[in-house]
Amino acid sequence: MPRVRRGPPPGVDPELLAKDAAKLMPDPTRRLFLRGGASLGALAFLTGCDIVDGTSAEQALIKISHFNDRAQAWLFNPNKLAPTYPESAVQRPFPFNAYYPEDEAPEVDREDYKLEVGGMVDNTKSWTLDELYALPQETQITRLVCVEGWSAIGKWTGTPLREFLRRIGADTRAKYVWFRCAEGYSTSIDMPTALHPQTQMTFKFDGEILPRKYGFPMKVRMPTKLGFKNPKHVMEIAVTDKYLGGYWEDQGYNWFSGL
Ligand SMILES: Nc1nc2c(c(=O)[nH]1)N[C@H]1C(S)=C(S)[C@@H](COP(=O)(O)O)O[C@H]1N2
Ligand SMILES: [Mo]
């Protein structure tokens, strides 16, 4: 077991560090950690990091965070389907959510739009909206769960992302798929989620061309993850082995955020 010195290490506020670490822990671990007094010793024990200064404290946090993603990825069954609902369950009007008000949603021009494709793929050609609309499409009625504490059932129509990944010759051994949105939002997901049968490149909401507020011209919908992992106004998709985080993930939200 790693040793911890007496007194706080230089550059480390033990209380703040414990708080940050607790936030990153998956639940049974978090409860035990808090019950045990949330000490630097416990943190050192959990991470195997000798916490002697700010840098090693930072490393301990990174370890906890990745441990959390790994634990969740392990719990995630890539074949398990999210529940689906009847037409009568669709909520109208559907809630809008973004980090800005509805009237500030980006306006993407239909004619200029070209979905950029990059990273570990055979074909990096961009896709016009007409080309995307010509892909095979499916409809799902599923629940969107927002981290802010609301959820709603909606109806989304589009192409399974795995079908698109197949067509661009994506290397599905890559770790991540990353999305860049029109207004600067971004997120990234694990490859099993990208290949999940319900993960969809969505072009329609409730039977209508995706309205501006819900992500025109395309959003990526995945009912197995929290709302913030569902990027709207997607302009670029990249297949990558590099961890690129995302808008909320970079501000401390758990990256995996599976349901
Ligand atoms: N481009 C972009 N995508 C985004 C967001 C955003 O602010 N910008 N917010 C996310 C959050 S937190 C949620 S809950 C859902 C909301 O989608 P809706 O407006 O279609 O209900 O979009 C997600 N995708
Ligand atoms: Mo959200």
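Axes here are lines fitted to C-alpha atoms, for helices over the stretch in contact, and the angles between N-to-C directions run from 0 to 180 degrees. The model on screen is predicted, so local features need pLDDT of at least 70 and side-chain atom pairs count only at pLDDT 80 or more, while totals for chains, interfaces and linings use all residues. Residues are numbered from 1 along each chain as its sequence is written, chains are lettered from A and ligands numbered from 1 in the order in which they are written, and side-chain values use heavy atoms, with hydrogens and water left out.

Begin with the helices. Select residues 14-24, helix H1, together with residues 54-75, helix H4, whose axes come within 8 Å and cross at roughly 15°; helices are DSSP runs (H or I, at least four residues) and strands likewise (E, at least two), numbered from the N terminus. H1 and H4 are therefore roughly parallel to each other, a term for angles under 35 degrees, with over 145 counted as roughly antiparallel, 65 to 115 as roughly perpendicular and the rest as oblique. Their crossing is right-handed (the near helix is turned clockwise from the far one by less than a right angle, and anticlockwise for left-handed).

In the loop between strand S7 (200-205) and S8, select Asp-206, which has a positive phi of about 50° although it is not a glycine.

Finally, centre the view on ligand 1 and show the 20 residues around it, of which Pro-95, Asn-97, Glu-183, Asn-230 and Lys-232 come nearest (a residue is near if one of its heavy atoms lies within 4 Å). By class, this shell has 14 nonpolar, 3 polar and 3 charged residues, where Ala, Val, Leu, Ile, Met, Phe, Trp, Tyr, Cys and Pro count as nonpolar, Asp, Glu, Lys and Arg as charged, and the others, Gly among them, as polar. A backbone N or O atom of Pro-95 lies 2.8 Å from an oxygen atom of ligand 1, and a polar side-chain atom of Glu-183 lies 2.7 Å from a nitrogen atom of ligand 1.

Key: Polar contact = N/O pair within 3.5 Å; in protein donor to acceptor, adjacent residues only side chain to side chain.
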